[in-house]
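Visitor: I am new to this structure and would like to be shown, with some care, how its features can be read.

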Amino acid sequence: MYMSRVACLLSLSVLLSAVSGCSSERTPAFVAKSEPWQALEERQCLASGMVRTSPFLNARSSLGGPSACGAEQPFEMSAALGGRVRLTPAATLRCPMIPAVDRWVATVVEPAARFHFGASIVGMKVAASYGCRPINHKWGAKLSQHGLANALDISEFRLADGHKISVKSGWWGSSRERQFLRDVHRGACDSFTTVLGPLADRYHHDHLHLDLARHGKNGTYRVCR
Ligand SMILES: [Zn+2]
C-alpha cells in the first residue's frame with residue numbers, strides 16, 4: 001500500500017492525467033499520461049479494414065476498463081501470415097500491431113530463416129503481450145506499452161525442420177543462430193518503433209521486445225537496441 005501511495009503521488013507531481021494501479025494491491029503502480037494518439041491510431045487502423053478477423057485472429061472484448069490500460073478493440077493473434085506461423089501462446093494485441101507483426105515475419109524473419117537455416121519459420125514463442133504493468137515491472141515506472149496491448153515479446157523461433165532458436169541461448173550461440181537473431185532484431189526496427197534485445201539491458205536477455213510506442217516530438221524517432 002505504501003508503494004501504491006508513492007506511485008500515485010509521483011504521478012500527481014508530474015501532472016499527468018491518467019493514473020492507474022492506485023486502487024489495487026495486486027496491480028503494480030505505474031505512471032501513465034493521456035496519449036490521444038493511441039486511441040486515434042487504433043481507430044484509424046480499425047477503419048482502414050487492413051485487419052480482419054480470421055481463424056487465427058479473433059476479436060476480443062475491450063480491455064482495461066476504467067484504468068489507463070487496454071485497447072478498444074483488441075485481437076487475439078494465434079498465427080501470423082494467414083496461419084503459417086503460429087504464435088504460442090496467442091498474443092493479445094491492438095490493431096496496429098497486427099500488420100506490423102505480419103510485415104516483420106514476412107519481410108525479415110522468414111527470409112532470415114531461409115538464408116541461415118534453409119527452412120521456413122513455422123512458429124514463435126510469445127513471452128508476453130498484454131499486461132497492465134509498469135515498464136520492466138518496476139514500481140512507479142511509466143506504463144509499459146504492454147499495458148496498451150501495443151507490445152509483443154518473442155523468446156523463441158521455430159523452424160519447419162524442427163530447429164528451435166531461443167533468444168536466451170542463441171544470442172551467444174552458434175554462428176548461424178547469432179546471425180539469424182541479429183538479423184531479425186535489426187530488421188524489426190523497420191516495422192516497430194521500439195525494438196529491445198539482449199544488448200539493450202538485463203531485462204531483455206532472453207527475448208526481443210517489439211512495440212509501436214511514439215517517440216520524440218513528431219513520433220518519428222526509433223529506439224532500436
Ligand atoms: Zn516487452
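Guide: Two strands are said to pair if DSSP finds at least two bridges between them. In this predicted model, strand 4 and strand 5 run antiparallel and are joined by 5 bridges, with F75 standing opposite L93 in strand 5.

Visitor: Which residue takes a positive phi in the hairpin of strand 4 and strand 5?
Guide: That residue is L81, with a phi near 50°, in a hairpin that has 4 residues between the strands. Strand 4 also pairs with strand 3 (residues 57-59), in the antiparallel sense over 3 bridges, and there E76 is the bridge partner of N58.

Visitor: Which residues touch the most other members of the largest nonpolar core?
Guide: They are V101, V109, L152 and A188, in a core of 52 residues. Helix 3 (residues 97-117) gives the largest share of this core, 9 residues. Beyond its neighbours within four places in sequence, V101 is in contact with M77, A80 and L152.

Visitor: What covers the buried residues of helix 3?
Guide: The cover includes strand 4 (75-80), strand 5 (85-93), strand 6 (121-128), strand 7 (151-159) and helix 5 (175-188). Among the buried residues of helix 3 are W104, V105 and H116, and at V105 the helix bends by about 40°.

Visitor: Where does pLDDT stay under 50?
Guide: Where pLDDT is low, the predicted coordinates should not be read in detail. Here it stays under 50 over residues 1-25, whereas the mean for the chain is 87, and 87% of its residues reach 70 or more.

Terms used: Residues are numbered from 1 along each chain as its sequence is written. This is a predicted model: local features need pLDDT of at least 70, side-chain atom pairs count only at pLDDT 80 or more; totals for chains, interfaces and linings use all residues. A nonpolar core is a set of buried Ala, Val, Leu, Ile, Met, Phe, Trp, Tyr and Cys residues joined through C-beta atoms within 7 Å. A residue is buried if 20 or more other C-beta atoms lie within 10 Å of its own, exposed if 12 or fewer, and partly exposed in between; C-beta atoms are placed from the backbone. Helices (H or I, at least four residues) and strands (E, at least two) are DSSP runs, numbered from the N terminus. Two residues are in contact if their C-beta atoms, placed from the backbone, lie within 7 Å. The bend at a residue is the angle between axes fitted to the seven residues ending there and the seven starting there. pLDDT is the predictor's confidence in each residue, from 0 to 100.
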